[in-house]
Amino acid sequence: SRPASTAGDPLPTASYDPKAGWAAGILDVPNRSLLAPMVELPFGKGKAFLGNSGVADAILGGWTIASITTWQSGFPINVQQSNPNSILGGSTGARPNITPGVDLATSGDYAARLSTADHPAATWINPAAFSLVAFGNFGNAPRTITDLRTPTQFNTDVNFQKNVRLGGSKQAQIKIEVLNLFNRPTVRALSGSNTFAPGNSFGTT
């Protein structure tokens with residue numbers, strides 16, 4: 001990725017050191033898996049099981065089950081600070097300092113870290129991991145933080161399909177689709193601010 005980009009820094013933070021802006025792209029996805037099996041059930045007329053039973057053929061015959069499961073790493077997060085006093089050549093894009101020894105992400109499982117009506121104060125990013133940079137200095141946070149990413153995406157959709165013979169060359173089809181089988185929230189970005197400032201909605205999702 002290049003140092004000047006739309007990932008929070010329209011200009012290099014330190015104009016005399018553009019290499020300091022080199023980082024993973026804001027759309028970097030190191031891992032993505034896709035599984036899409038399809039199975040035709042072996043029941044009913046012409047199949048391995050219950051082929052001589054008209055009732056079994058009517059109920060179990062002709063069914064195909066297909067699913068698609070997607071698992072994907074989150075995107076790296078760009079963290080800025082509210083006071084842009086450390087940038088040269090522009091008014092935005094200043095980055096804070098990362099506090100040594102403090103976890104960048106908040107603790108807890110996936111659901112506990114999402115901000116909802118039940119716990120609106122939950123955050124995905126740990127505010128204690130960052131501090132504002134003093135006037136005239138540059139923060140040590142990289143342009144995009146690969147150790148701090150948006151939530152992992154995991155989703156499974158299932159399709160049940162049955163072909164029903166109506167006589168001759170005619171047939172009908174019954175189709176049932178279940179989207180998001182495990183009812184998991186899909187979060188692709190932060191709902192709050194990526195700009196670090198005491199008391200704002202920094203790091204919520």
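**Exercise 1.** Which residue forms a salt bridge with D28, and how many Å apart are the closest N and O atoms?

*Before you start.* You're looking at a predicted model, so local features need pLDDT of at least 70, side-chain atom pairs count only at pLDDT 80 or more, and totals for chains, interfaces and linings use all residues. Residues are numbered from 1 along each chain as its sequence is written, and side-chain values use heavy atoms, with hydrogens and water left out.

*Solution.* 
- Step 1: a salt bridge means a side-chain nitrogen of Lys or Arg within 4 Å of a carboxyl oxygen of Asp or Glu.
- Step 2: the partner of D28 is R149, with 2.7 Å between the closest N and O atoms.
- Step 3: R149 sits in strand β8 (residues 145-149) and D28 in the segment before β1 (32-35), so the pair ties together parts 121 residues apart in sequence.
- Step 4: the structure holds one salt bridge.

**Exercise 2.** Does R149 count as buried or exposed?

*Solution.* 
- Step 1: the cut-offs are under 20% relative accessible area for buried, over 50% for exposed, and partly exposed in between (1.4 Å probe, protein chains only).
- Step 2: R149 has 17% relative accessibility, so it counts as buried.
- Step 3: D28 has 27%, so it counts as partly exposed.
- Step 4: across the protein, buried residues make up 34% of the 205 residues.

**Exercise 3.** How many helices and strands are there in the protein?

*Solution.* 
- Step 1: helices (H or I, at least four residues) and strands (E, at least two) are DSSP runs, numbered from the N terminus.
- Step 2: the count comes to one helix and eleven strands.
- Step 3: read from the N terminus, the order is β-β-α-β-β-β-β-β-β-β-β-β.

**Exercise 4.** Which element gives the most to the lining of the largest pocket?

*Solution.* 
- Step 1: on a 1 Å grid over the protein atoms alone, a pocket is an open set of points with protein on both sides within 12 Å along at least five of seven lines, and lining residues have an atom within 4 Å of a point.
- Step 2: the volume of the largest pocket is about 190 Å³, taken as the space filled by probe spheres set on the points, which are joined across faces, edges and corners.
- Step 3: 13 residues line this pocket, and D57, G61, G62, N163 and R165 are the closest to its centre.
- Step 4: α1 (54-60) and β9 each supply at least two lining residues, and β9 gives the most, with four.

How values were computed. 1 Å grid on protein atoms, 1.4 Å probe; cavity = no way out; pocket = protein on both sides within 12 Å on 5 of 7 lines; lining within 4 Å.
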